[in-house]
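Subject: Structure for you to look at

Hello,

I am passing on the structure we talked about, with notes on what turned up in it. Please read them with the model open.

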Amino acid sequence: MNDSAAPQPGPARATADAVVLGAGPRGVSVLERLVARAPVTGPALRVTLVDPYPPGAGRVWWRGQPPQLLMNTMVADNTVFPDGSVRLDAPVATGPTFSEWLRDIAARGHLDSAAAEFAAHADDRDYAPRRVYGSYLMDALERIRALGGDRVRIEVRTAAARSVTPVPGPPKSADSGGGYDIALDDGTRITARAAVLATGHLEAPYPAPAGPSPEVLQLPGGHPADYALDTIAPGAEVLLRGGGLNAFDVLALLTLGRGGRFDEHGYTPSGREPHIWITTRRGVPFHARVDTPGVRVPSAFLTPERVAALAARERLDFHADVVPWLTADLELAWYDRVLTLHADALPDPDALRRDLTALPPGPDRGHVLRAAVPEPLRLDLDAIAEPLRDRHFADPAELNAWWAGHLDADLAAATDPRLPPRAALAVAVRQARPALRTLITAGNLSGESYRRDVLGWFNGFANFVSGGPPALRVRQLRALLAAGVVALLGPVRPGTRSASAVVEDLTVRPDAVIDAWLPGTDVGADGPGLVRRLIADGLGRAHRLPAAAPGAAPLPTGALDVRARDGRIRRPDGTVHHALFAVGVPLEGVRWTTAIGARPGTDADFFHETDRVARELLRGLTPPPPQPAPADVGASGTTRRGRASAAPAGHPRHPHSEESQP
């Protein structure tokens, strides 16, 4: 027989009870919750964790990335294990916080020398290199595997999942009772009874056709460590578009990463840096993060009762129904600090103190507050959001002199322990997140309002004011400005990419353009990745919110559609899969601020999400109980669903009985 005609072996196959696709923090947390909830008796649970990057660290935290890339939250503000503050109906407190882990390895040592070196001098208010947090996550995964023991057997596969395909179940099954077949890029396939997508940030959509200047190097948005920065020559003119966390990472790689040094005297160049022009939509990069431990500001308007009433409405408009109450709380936080620090500059401090909480949102409140506070001390949210509004400069030197003063004032506000008004505003925005999360995820926002007010305005404003980099990074930026390594272009003129809107006749002709941002969540865009493949294969759909106008088509939010209460992925017809779940960033739109991790002691929503999925996954692996005969059958022969079919109070319906319900 000819060898070419011989039967060829098929791809290697493996089986599991569950597969978790993605080994970053949420994938690790799903595993931890499965171990915490798994039955003590009965067959062992077999779980496979799949990720092309090192297990535990995933793509964002992998240990091979440059040491210049820092976390954007303090050591004390990170954990992957729930604690006693997390109100779950399952065991918690199964492992150390990041801070506790660092203290332990400072005393005991660690195989990762970079982690051990950082731990030796780390403080709770320090910002760790991301690769050190990756070591924490990898240790956390090993701890979870050890806790699972023979009861939950966790296998790790270093590969990328290419597709998920339902396996047909019994003839009368309403779902893929046979589970799911997962194809990996190493040629193997895994058949699992349940699967969880914990894939993190979406990959960038497929690039648009090349522009009119092919000689200009274009680096599209992505993870900072993935940029081809080594292709940028020393002294090249670089246009850095974006002022958020990615932009600060790129600046660190192009300066510290090329041998430059910061010290108390400023920045000493290595001579290998490019010259970097910075442009952002607002004109300047994000404000420095305010990290005053344990500080809170007063609030009186977005109360739990008011939030519950707004969430219960049939339709909600964020700008009309939520922003007035939010603004009143921001005013309260701001003017509370004005009263504390500048009472002697106020004509009637007692009247202002009374009116701040007594007057509801509306024109009267605005008139009273403006009359009660001298202009230099007033809160002007528009001026804060657009610091270069109505400003014009004679030349780049004048613009950069203004920017130097702006950075100095920002650093002073962020690091002042007295919490000046600008810092109090940042704390108030962050403090409002739980209330806003409830309202944004209630499902009653119109699609127009979500896209215009949440995506188009508030997310950017909140990140600009309160979600910026550590003050250290802004201090470094100030030193780079003084050293002539960076310059500000400001916002660009409409219809242009590199013509300043605030300096006449200033147009940059760059050798390279860097889009310093992660791609937004848009599962409907044409591009790579498992989530988009799921939709293309007809297993999922994009999430949509109802339009404001009756009868108009719903509008997409960019998210993968899941049933919010348990993370089950919805099919194109709106029904849900029995055992196919998703968590994290691809759900931005169903959930809110999905990129934020877990902070110790805060009953973090992060753990509620992963715990719900673990609970439902385990329920789905349990055979359904025998179903009683229908109690009420209509003339058509179908069961009438109503109150009689509802589960008794306190007893959730078994997943099999609701798997086809929206």
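A residue is called buried here if its relative accessible area is under 20%, exposed if that area is over 50%, and partly exposed in between. Please keep in mind throughout that this is a predicted model.

Aromatic pairs

By that cut-off Phe461 counts as buried, because its relative accessible area is 2%. Trp457 has a relative accessible area of 34%, so it is classed as partly exposed. These residues sit together in helix 15, which spans residues 447–466, and they are 4 residues apart, about one turn of the helix.

How many aromatic pairs does a search of the whole structure find? The search gives 16. One of them is the pair of Tyr133 and Tyr136, which is tilted, with 5.2 Å centre to centre and 35° between the planes. Trp457 and Phe461 form a stacked pair, with 5.6 Å from centre to centre and an angle of 10° between the planes.

Tyr133 and Tyr136 are both in helix 5 (residues 130–148), with a spacing of 3 residues, again about one turn of the helix. Both tyrosines, Tyr133 and Tyr136, are buried. They also belong to a cluster linked by ring pairs, whose members are Trp61, Phe98, Trp101, Tyr133 and Tyr136.

There is also a charge over a ring to look at: Arg306 lies over the face of Trp325, 3.7 Å from the ring centre.

Thr593 is in the loop that runs between strand 17 (576–582) and helix 18 (605–621). With a relative accessible area of 17%, Thr593 falls under the 20% limit and is therefore buried. Its phi is near 50°, a positive value in a residue other than glycine.

Which residues does Thr593 touch, not counting those up to four places away in sequence? They are Arg437 and Glu588. With Arg437 there is a polar contact between the side chains, at 3.1 Å. Along the chain Thr593 and Arg437 are 156 residues apart, while their C-alpha atoms are separated by 8.0 Å.

Asp505

Asp505 also has a positive phi, near 65°, in a residue other than glycine. This aspartate is found in the loop between strand 12 (486–488) and strand 13 (512–515). Is Asp505 buried or exposed? Asp505 is exposed, because its relative accessible area is 72% and the limit for that class is over 50%.

Ser29

Ser29 belongs to helix 1, residues 25–37. The relative accessible area of Ser29 is 0%, so this serine is buried. Setting aside neighbours within four places in sequence, Ser29 is in contact with Phe606, Phe607 and Thr610.

Pocket and cavities

The second largest pocket holds about 1200 Å³ of space. Its lining is made up of 37 residues, and those nearest the centre of the pocket are Leu379, Asp380, Leu381, Ala383 and Ile384. Two or more lining residues come from each of helix 8 (318–342), helix 10 (363–372), helix 11 (381–385), helix 12 (396–415), helix 13 (421–431) and helix 15. Which element gives the most to this lining? Helix 12 does, with 6 residues.

The residues that line the largest cavity are Tyr53, Arg59, Val60, Trp62, Gln65, Leu69, Arg130, His223, Pro224, Ala225 and Asp226.

Regards

Definitions and conventions: Residues are numbered from 1 along each chain as its sequence is written. This is a predicted model: local features need pLDDT of at least 70, side-chain atom pairs count only at pLDDT 80 or more; totals for chains, interfaces and linings use all residues. Side-chain values use heavy atoms; hydrogens and water are left out. Buried means under 20% relative accessible area, exposed over 50%, partly exposed in between (1.4 Å probe, protein chains only). A polar contact is a pair of N or O atoms within 3.5 Å; within protein, one must be able to donate a hydrogen and the other to accept it, and residues adjacent in sequence count only if both atoms are side-chain atoms. Contact means heavy atoms within 4.5 Å. Rings of Phe, Tyr and Trp (its six-membered ring) pair if their centres lie within 6.5 Å; planes under 30 degrees apart count as stacked, over 60 as edge-to-face and the rest as tilted. A charge sits over a ring if NZ of Lys or CZ of Arg is within 6 Å of the ring centre and within 35 degrees of the ring normal. On a 1 Å grid over the protein atoms alone, a cavity is a set of points where a 1.4 Å probe fits but cannot get out, and a pocket is an open set with protein on both sides within 12 Å along at least five of seven lines; lining residues have an atom within 4 Å of a point. Grid points are joined across faces, edges and corners, and a volume is the space filled by probe spheres set on the points.
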